[in-house]
Amino acid sequence: EITAAPNFIRNMIVQQREAGQQQKVVTRFPPEPNGFLHVGHAKSICLNFGIAQEFGGDCHLRFDDTNPEKENQTYIDAIQEDVQWLGFQWAGKVRYASDYFEQLYQWAVHLIREGKAYVCELNAEQMREYRGTLTEPGKNSPFRERSVEENLAEFEAMRAGTYPDGAKVLRAKIDMSAPNINLRDPILYRIRHAHHHQTGNQWCIYPSYDFTHGQSDAIEGITHSICTLEFEDHRPLYEWFLNNLPVPCKPVQTEFARLNLNYTVTSKRKLKLLVDEGIVEGWDDPRMPTISGMRRRGYTPKSLRDFCDMIGVTRSGGVVDINMLYFALRNDLEHSARRAMVVLNPIKVVITNWEAGRVENLTSPSHPAREDLGERTLPFTRELYIDRDDFMEEPPKKYFRLAPGQEVRLRNAWVIRCDEVIKDASGEIIELRCSHDPDTLGKNPEGRKVKGVIHWVSAEHGIPAEVRLYDNLFQVEAPDADKDVDFLQHLNPESLSVVQAVCEPSLASAEPEDKFQFERVGYFCADRREHQPGSKLVFNRTVGLKDSWAK
Ligand code: ATP
Ligand code: MG
Ligand code: MG
């Protein structure tokens with residue numbers, strides 16, 4: 001039932017090919033390794049890799065690594081793992097913009113020789129002042145008319161480490177009165193005496209994003225350079241570099257609307273803050289909208305790819321309802337997750353007309369529609385657990401679960417009736433004494449209707465598990481909408497609660513990342529990091545069974 005929404009970039013390529021215009025399609029996914037990937041990046045990954053797949057082309061993975069201080073190998077490794085987990089493989093080796101630093105340097109020298117770049121010594125504040133505003137043109141820098149020879153010597157000295165950080169920059173000489181501020185002599189190189197994760201101490205000047213991106217695309221033979229709408233205003237600059245440098249080809253930039261999800265922040269900077277402040281347990285905390293967090297929460301790669309198909313690709317942004325994501329998730333898990341009975345909030349039931357020591361090994365399919373998933377054994381014994389929420393001492397009308405004198409069916413087993421309620425000295429219910437009707441296994445009871453069905457686990461054979469119940473990390477739909485309010489104000493204090501549950505015995509052999517529907521409760525996933533089959537069971541709630549999240 002997943003229907004793909006329109007994708008204008010894909011449609012554009014179909015048209016280009018129909019018109020015989022397009023050679024092999026080459027795209028790239030260009031993350032900066034300054035954080036983990038989030039659900040927004042998943043959209044870009046599905047788009048770039050999806051297009052390459054569909055048209056028999058290539059998609060490159062290229063790290064846009066021009067800010068050494070913010071980047072590191074941990075992020076590089078995590079990003080590669082996430083892309084592969086989503087089901088994609090880049091063509092050829094992993095690429096780095098830093099692979100092209102020497103070529104970029106030579107192209108900067110080329111611009112200087114052509115009189116199209118100069119070394120500027122305005123400080124940051126002066127630079128801002130000279131740049132002008134949206135309504136006011138900028139002013140030329142006093143360094144703008146330096147000779148080619150002087151610029152060449154200065155730029156070489158910058159590279160040689162003669163100057164401290166921030167002392168000088170290399171700028172393109174374009175137009176200080178251009179209506180598009182990006183064209184007002186943008187910075188090409190800045191001085192940063194910083195160790196780089198790829199190039200070590202080889203460089204103390206680093207190219208700007210704008211001076212790096214398009215030329216890297218050109219070096220790699222990218223045909224379609226797809227990016228988010230914030231870069232629309234950079235496109236004239238992207239093209240200016242390609243038109244003013246001897247590049248091997250001219251990629252075309254196309255922008256699309258970034259993904260925004262309600263109840264979610266998708267900014268690496270803010271996600272990093274959540275990690276650094278210890279608000280979550282790490283980048284892959286199951287409450288994080290990172291790909292690795294979602295993986296740990298129990299998302300499947302297919303559910304994320306389906307979601308990206310459902311939201312489509314357009315040029316106008318909006319906010320996507322997180323329920324669409326949950327829909328894609330449930331849709332996949334309904335089909336793929338094995339069923340299990342788990343009691344989250346146990347209360348003991350004693351079947352008084354069942355002999356102590358008698359064990360009946362009942363069986364049930366692991367999935368109602370998938371014989372290939374086999375079946376599981378459900379031992380039935382005199383003492384069982386049911387969920388406290390499935391019993392009411394004074395039930396309202398139409399309460400079909402267990403109550404004094406009332407019958408209910410134990411799922412996959414018999415009908416029982418509650419005969420007696422046992423309380424402790426404080427009045428708390430500690431046990432329910434029930435009797436079973438032996439003539440109700442797999443058939444309706446004689447002469448009466450029993451509507452309710454509840455889940456249960458044998459007290460003797462059940463296995464304890466830690467179950468982590470996750471909810472949205474933020475309480476409001478748009479946690480970072482208001483620039484004047486700290487988004488941390490909107491954290492949901494109940495985004496995690498932990499309960500000790502009792503599981504049916506088949507769960508003892510669950511492997512990390514195995515996914516289940518806990519019948520009547522929700523979808524759960526064995527924790528990727530802490531779950532240990534047979535010894536320490538830890539399950540994460542992925543999502544509820546129904547749209548109970550819609551607020
Ligand atoms: P952030 O704003 O979270 O720091 P970014 O855009 O700076 O993200 P990059 O590492 O530069 O992060 O992103 C790599 C690619 O993913 C870019 O092409 C970018 O446009 C795309 N991307 C990032 N966020 C989103 C989003 N929310 N929706 C769609 N694509 C996105
Ligand atoms: Mg970026
Ligand atoms: Mg960023």
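Which residues of H12 are buried? Keep that in mind while loading the model, which is predicted.

**Whole protein.** Start with everything shown as a cartoon. The protein has twelve helices and 27 strands. Its radius of gyration is 31 Å, well over the 24 Å that the globule rule gives for 551 residues, so the protein is more spread out than a compact globule. Colour by burial next: 39% of the 551 residues count as buried. If you draw contacts between residues at least 6 apart in sequence, 71% of them join residues at least 24 apart.

**Ligand 1.** Now select ligand 1 and the 15 residues around it. Those that come nearest are Pro 31, Gly 40, Thr 228, Arg 258 and Lys 268. Highlight helix H2 (39-54) and strand S8 (224-228), each of which supplies at least two residues of this shell. H2 gives the most, with four residues. Coloured by class, the shell shows four nonpolar, six polar and five charged residues.

**Helix H12.** Move to residues 322-336, the 15 residues of helix H12. From first C-alpha to last, H12 reaches 21 Å, close to the 21 Å expected at 1.5 Å a residue. To settle the opening question, select Leu 325, Tyr 326, Ala 328, Leu 329, Arg 330, Asp 332 and Leu 333: these are the buried residues of H12. An α-helix has 3.6 residues a turn, so residues three or four places apart point the same way.

The buried residues of H12 pack against helix H11 (301-311) and against strands S10 (260-261), S25 (515-518), S26 (522-526) and S27 (538-544).

Technical notes: Residues are numbered from 1 along each chain as its sequence is written. Chains are lettered from A and ligands numbered from 1 in the order in which they are written. This is a predicted model: local features need pLDDT of at least 70, side-chain atom pairs count only at pLDDT 80 or more; totals for chains, interfaces and linings use all residues. A residue is near a molecule or strand if its C-beta atom, placed from the backbone, lies within 6 Å of it. Ala, Val, Leu, Ile, Met, Phe, Trp, Tyr, Cys and Pro count as nonpolar, Asp, Glu, Lys and Arg as charged, and the others, Gly among them, as polar. The expected span of a helix is 1.5 Å times one less than its number of residues. A residue is buried if 20 or more other C-beta atoms lie within 10 Å of its own, exposed if 12 or fewer, and partly exposed in between; C-beta atoms are placed from the backbone. Two residues are in contact if their C-beta atoms, placed from the backbone, lie within 7 Å. The radius of gyration is taken over C-alpha atoms; the globule rule is 2.2 Å times the number of residues to the power 0.38.
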